[in-house]
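Please look over the sequence and the model below before reading on.

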Amino acid sequence: MLGRDGKPSGEGLYVRYEMWLRALESRAYSLVGLSGSLFAARKEVCADFSNEMQSDFRTVLNSVKMGLRGVNDPLAVGFYQDTADQKREWDRKIRTIIRGLTVFFRHVELLNIFRYGMFSYQLFCHKLLRWLVPFFLIVAFVSNIALLSGSYILVVLMFLQILLYGVAVVGILRPRLQDLVFVRVPTYFLSVNASILFAWWRYLAGQRIVTWTPTER
């Protein structure tokens with residue numbers, strides 16, 4: 001993921017982490033997610049295509065159900081630019097997560113570790129736990145406040161949390177400051193976890209995404 005200046009964006013750092021993680025997943029057993037813009041699959045695992053669910057995520061789940069697995073190809077490399085319109089990027093993140101949650105809860109049987117083994121563990125950690133991160137962050141922040149008088153270490157942790165979110169808010173209010181990596185990364189971290197919260201709220205309210213419009217870049 002490249003910014004308008006050709007340098008890695010905040011999301012670009014996340015993408016590199018994601019690719020590293022997928023390489024490890026492929027070695028352990030199977031990928032849990034695919035890159036929607038760059039993947040190939042056997043015809044039979046795409047037979048029951050649904051507009052309501054992500055084709056990339058659903059494809060790898062169908063593959064595992066058929067006794068197959070998803071693998072990472074390090075020779076397949078792609079670059080794409082970040083989104084100039086931050087409002088569209090925010091909407092894209094929410095749409096992506098809602099569709100991902102839809103797929104996940106339609107295939108919860110894959111969490112049966114006695115049947116699907118390592119993949120169940122990978123699915124639980126990579127998808128469900130990641131989507132629960134915003135709730136963990138809220139619990140950590142509130143707990144830190146409640147225990148603030150407990151020790152010096154908790155005071156330091158509280159300061160670091162406030163610093164992280166403070167820098168992120170500044171980055172959102174002053175987008176030009178995101179040219180600085182120590183602003184860009186916290187800003188992306190906050191925005192992506194906030195989008196997950198909104199996606200959960202919309203999903204639990206019954207919203208589903210049945211059409212997909214590519215984000216202009």
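A residue is called buried when its relative accessible area is under 20% and exposed when that area is over 50%, with partly exposed in between. In this predicted model, L177 has a relative accessible area of 34%, so it counts as partly exposed. L177 lies in the loop between α6, which covers residues 152–173, and α7. If its neighbours within four places in sequence are left aside, L177 is in contact with V170 and V183. The C-alpha atoms of L177 and T187 are 10.0 Å apart in space, while the two residues are 10 positions apart in sequence.

Two packed helices are described by the angle between their axes and the distance between the axes.

| Helix pair | Angle | Distance between axes |
|---|---|---|
| α6 and α7 | about 95° | 8 Å |
| α5 and α7 | about 105° | 9 Å |

What does the angle say about α6 and α7? Since angles of 65 to 115 degrees count as roughly perpendicular, α6 is roughly perpendicular to α7. On the side of α6, the residues that make this contact are L164, Y165, V167, A168, V169, G171 and I172, and on the side of α7 they are F182, V183, P186, T187, F189 and L190. Sorted by class, the contact of α6 with α7 holds 11 nonpolar and 2 polar residues, with no charged ones.

Helix α5 spans residues 118–146 and helix α7 spans residues 181–204, and their angle likewise makes α5 and α7 roughly perpendicular to each other. Here R130, W131, L132, V133, P134, F135, L137 and I138 of α5 meet F189, N193, I196, L197 and W200 of α7. The residues in the contact of α5 with α7 divide into 11 nonpolar, 1 polar and 1 charged.

The length of α7 can also be checked against expectation. At 1.5 Å a residue, its 24 residues should span 34 Å, and because the C-alpha atoms at its ends lie 35 Å apart, the two values agree. After α7 comes G206, whose phi is positive, near 100°.

Helix α3 covers residues 86–106 and includes T96. Is T96 buried, partly exposed or exposed? With a relative accessible area of 24%, T96 is partly exposed. The buried residues of α3, by contrast, include E89, R92, K93, I94, I97 and I98, as well as R99, G100, L101, T102, V103 and F104. Although T96 and I209 are separated by 113 residues in sequence, their C-alpha atoms are 8.8 Å apart in space.

**The chain as a whole**

The secondary structure of the protein chain comes to 7 helices and 0 strands, and along the sequence it reads as α-α-α-α-α-α-α. Of its 217 residues, 36% count as buried. Among contacts in the chain with a separation of 6 or more, 68% are between residues 24 or more positions apart. The accessible surface of the chain comes to about 13,100 Å², and 65% of this belongs to carbon and sulfur atoms.

Conventions
Residues are numbered from 1 along each chain as its sequence is written. This is a predicted model: local features need pLDDT of at least 70, side-chain atom pairs count only at pLDDT 80 or more; totals for chains, interfaces and linings use all residues. Side-chain values use heavy atoms; hydrogens and water are left out. Axes are lines fitted to C-alpha atoms, for helices over the stretch in contact, and angles run from 0 to 180 degrees between N-to-C directions. Helices (H or I, at least four residues) and strands (E, at least two) are DSSP runs, numbered from the N terminus. Angles under 35 degrees count as roughly parallel, over 145 as roughly antiparallel, 65 to 115 as roughly perpendicular and the rest as oblique. Contact means heavy atoms within 4.5 Å. Ala, Val, Leu, Ile, Met, Phe, Trp, Tyr, Cys and Pro count as nonpolar, Asp, Glu, Lys and Arg as charged, and the others, Gly among them, as polar. Buried means under 20% relative accessible area, exposed over 50%, partly exposed in between (1.4 Å probe, protein chains only). Accessible areas come from the Shrake-Rupley method with a 1.4 Å probe; for residues, only the protein chains shown count as cover. The expected span of a helix is 1.5 Å times one less than its number of residues.
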